[in-house]
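Here's a quick look around a protein model, written for someone meeting it for the first time. Have the sequence and the 3D view handy.

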Amino acid sequence: MLDILSLLDITFFLLAALGALVGIVFGAIPGMTATMAVAVCLPLTYALGLNHGLALLLGLYVGGISGGMVPAVLLNIPGTPSSITTTFDGFPMAQKGEGERALRVCVVASLVGGLISAAVLFLFAPLLAEFSIKFSYVEKFLIILLALTVIASMSRNMLVGIFSGVLGIWLSLIGTYSISDGGNGHTRLMFDFLEPYLFEGFSLLPVLIGIFGIATILLEAEEGIKGGLGGKHVKFGKGGGFSFGIFRGRLTNLVRSSFIGTFVGMLPGVGGSAASVLAYTQEKNLSRDSDEMGKGAPQGLIASESANNALTGGALIPLLSLGIPGDSTTAVLIGAFTLQGIQVGPLFIPENADTWYVMMTALVFANIVMFFLMFYAIKHIAKVVLVPKYILYPIIVMMCVVGAYAINYGIMFDVWTLLIFGVLGYLIQKVGLEVAPLIIGFILGGQAEIYFVKSLESAGSYGIFFTKSPIAVVLWGLIAASVAFSVIMSLKSRAHRRMESPQ
């Protein structure tokens with residue numbers, strides 16, 4: 001315990017607080033997300049060290065998710081995808097002159113959601129890690145296959161999700177094959193003139209910064225970034241109507257939505273928008289005054305924001321216990337561990353107990369800082385929506401390029417990787433492919449190949465994937481269930497569209 005306390009110096013807490021503040025700014029500006037904030041600041045963690053770097057990144061994560069409430073309430077524009085349902089009741093309240101009251105309801109709900117998810121993370125992740133240590137290569141491969149299947153099944157179109165995931169895996173396999181004795185270190189999937197640069201494949205960090213930083217700016221530039229963010233339309237109102245009594249009779253909604261957000265966060269690649277929509281729908285179905293929801297009802301904000309922020313702890317559970325990112329932001333967090341030479345997975349918590357407790361401290365502290373910043377300084381933070389993008393985005397591009405160049409001690413090809421994947425990220429979104437399956441496929445593709453080849457080497461038959469253990473049978477059942485769920489939902493959606501279409 002004394003060793004852990006020695007790691008929690010004033011710099012640690014200042015970085016967590018700074019991360020929360022910067023994350024709030026990123027989240028409050030439409031088009032910028034928590035994922036983008038973490039990706040842009042990722043190179044800084046190399047100089048900071050693991051513990052201080054994680055304090056900064058977790059602060060960015062919590063602040064970025066929470067900051068999306070500001071434009072959602074004041075401008076009817078979701079600052080982040082996960083804050084879309086906050087617009088349903090937040091903006092009507094702002095139009096009534098209750099913008100500050102709405103934001104403070106959101107802040108309290110976010111704090112409760114974040115703390116509940118942190119508690120679930122602290123209790124559940126070590127148990128899951130201890131259980132998964134016993135997994136063989138077969139079960140590890142099936143876990144990754146299940147993660148990719150769940151991601152694809154939760155996509156707008158399952159085939160598109162599968163294709164995006166396979167594309168990510170294909171990109172991860174570029175480089176040298178040397179898993180087994182038969183690999184002999186031969187390069188694959190590249191032109192000869194690229195061999196000196198891609199001998200070890202694409203570097204993870206420039207790929208992440210390109211897809212979540214440069215691609216986002218290209219998409220925003222296409223929409224036009226000459227003006228500001230519409231701040232002249234802000235209706236902030238007065239905060240005098242807020243009191244904590246507003247949560248009286250709504251605690252069930254608050255706790256239920258927090259657990260919904262935590263659970264959805266545990267599902268790889270599903271995302272915060274699904275968590276907030278599910279919690280909002282559940283409250284609408286169960287609430288006695290559901291007719292008021294969508295017209296400025298506080299219970300809608302409570303459901304949306306508690307589920308939204310509960311995503312943070314939930315998404316870290318599969319990352320730290322299985323090595324599988326729960327969402328795009330935790331996928332980027334893998335980069336921080338990669339920079340420090342640490343691999344996340346079943347052995348992470350028992351072998352890095354100090355880092356585990358440091359992460360929990362940073363997560364809880366970032367939520368508390370977020371609460372005080374947004375609850376007491378919300379009028380000043382809300383002015384972020386007035387910042388012109390044409391000033392902000394060139395600075396972010398510069399940070400992305402400098403960060404990519406410095407990550408591996410000044411390798412220029414990393415800058416080209418940043419630009420290539422920035423353009424690729426832009427194009428795949430323009431043609432309708434999914435970013436989350438692609439990036440998680442890229443991160444997990446190399447591990448999936450290793451586990452697949454090692455399983456075959458141990459048995460010499462594909463039957464090993466079906467007869468190894470009861471755990472494998474259960475995993476195959478979950479894979480089949482996720483595919484069946486996607487097919488059923490697709491058929492229902494198609495039938496619904498037919499009923500609505502004119503005859």
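Predicted model: local features only at pLDDT ≥ 70, side-chain atom pairs only at ≥ 80, totals over all residues.

Residues are numbered from 1 along each chain as its sequence is written, and side-chain values use heavy atoms, with hydrogens and water left out.

Let's start with the charged pairs. A salt bridge here is a side-chain nitrogen of Lys or Arg within 4 Å of a carboxyl oxygen of Asp or Glu, and the count comes to four. Here are some of them:

| Pair | N to O distance |
|---|---|
| Arg 101 and Glu 98 | 3.4 Å |
| Glu 222 and Lys 430 | 3.0 Å |
| Glu 283 and Arg 256 | 2.5 Å |

Glu 283 sits in helix α14 (residues 272-286) and Arg 256 in helix α13 (residues 251-266), so their pair ties together parts 27 residues apart in sequence. Helices are DSSP runs (H or I, at least four residues), numbered from the N terminus. Glu 283 is buried at 8% relative accessibility, while Arg 256 is partly exposed at 21%. Buried means under 20% relative accessible area, exposed over 50%, and partly exposed in between (1.4 Å probe, protein chains only).

Now for helix α12, which spans residues 204-223. α12 bends by about 35 degrees at Gly 210, taken as the angle between axes fitted to the seven residues ending there and the seven starting there. Since 16 of its 20 residues are buried, α12 is largely enclosed by the rest of the structure.

Note on methods. Helix = DSSP H or I, 4+ residues; strand = E, 2+ residues; numbered from the N terminus. Expected span 1.5 Å × (residues − 1).
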